[in-house]
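This report covers a loop, a nonpolar core and a helix, in that order. The sequence and structure come before the details.

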Amino acid sequence: MVWHVVLLTPRADLRADERRHFVDAFQRAVTSIPSVRGVRFGRRVTHGAGYERNAPPAGAFLAIIEFDDRAGLAAYLAHPAHDELGMAFGESLAAALVYDFDMLAEQSEALGAAL
């Protein structure tokens, strides 16, 4: 399984219609591209932990898009619905970080084997 992980922060001056356009483009991409296997979305939580002071400003929200394999990710990235999302992404966000991960296992023991 491959996870496409996106940390994102919308522009402070993002209008409601621009926000709707971004959300609609995201929805179209993750529902119309056949290789998408799952989607998770969340809002950042802060609670006073020390690591929060050094966090980059790109993480107000998190999106994780799941694929069976790298070919599925490649198909997603090449799809016209992703092109539309990419344009809305650039227009709507103040900051973002995007990473792709091969998921090794669901158990914490995988960390020792991976490192």
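## The loop between strands 2 and 3

The model described here is predicted. In the loop that joins strand 2 (36-43) to strand 3 (61-67) sits Glu52. Is Glu52 buried or exposed? Its relative accessibility is 15%, and because the cut-off for buried is under 20%, Glu52 counts as buried.

Leaving aside residues up to four places away in sequence, Glu52 touches Arg44, Val45, Thr46 and His47. A polar atom of the Glu52 side chain also lies 2.9 Å from the backbone nitrogen of Gly48.

Pro56 is placed in the loop between strand 2 and strand 3 as well. With a relative accessible area of 46%, Pro56 is partly exposed.

## The largest nonpolar core

The largest nonpolar core has 20 residues. Which of them touch the most other members? They are Leu8, Val36, Ile65, Tyr76 and Leu85. Strand 1, helix 1, strand 3, helix 2 and helix 3 each give two or more residues to this core. Helix 1 supplies the largest share, five residues.

Val36 can be followed through its contacts. Not counting residues up to four places away in sequence, Val36 touches Ala29, Val30, Ile65, Glu66, Phe67 and Tyr76. Ile65 and Tyr76, listed here as contacts of Val36, are also among the core residues that touch the most other members.

Helix 3 takes in residues 80-92, 13 residues in total. From its first C-alpha to its last it reaches 18 Å, close to the 18 Å expected at 1.5 Å a residue.

Which residues of helix 3 are buried? They are Ala81, His82, Leu85, Ala88 and Ser92. These residues are on the same side of helix 3, because they cover an arc of only 120° around the axis. In general, an α-helix has 3.6 residues a turn, so residues three or four places apart point the same way.

The buried residues of helix 3 are covered by elements that include strand 1 (2-10), helix 1 (16-32), helix 2 (70-78) and strand 4 (93-102). Leu85, one of the buried residues, is also one of the core residues that touch the most other members. On the face turned away from the buried side, helix 3 carries the exposed residues Pro80, Met87 and Gly90.

Methods: Residues are numbered from 1 along each chain as its sequence is written. This is a predicted model: local features need pLDDT of at least 70, side-chain atom pairs count only at pLDDT 80 or more; totals for chains, interfaces and linings use all residues. Side-chain values use heavy atoms; hydrogens and water are left out. Helices (H or I, at least four residues) and strands (E, at least two) are DSSP runs, numbered from the N terminus. The expected span of a helix is 1.5 Å times one less than its number of residues. Buried means under 20% relative accessible area, exposed over 50%, partly exposed in between (1.4 Å probe, protein chains only). The arc is that of the directions from the helix axis to the C-beta atoms. Contact means heavy atoms within 4.5 Å. A polar contact is a pair of N or O atoms within 3.5 Å; within protein, one must be able to donate a hydrogen and the other to accept it, and residues adjacent in sequence count only if both atoms are side-chain atoms. A nonpolar core is a set of buried Ala, Val, Leu, Ile, Met, Phe, Trp, Tyr and Cys residues joined through side-chain atoms within 4.5 Å.
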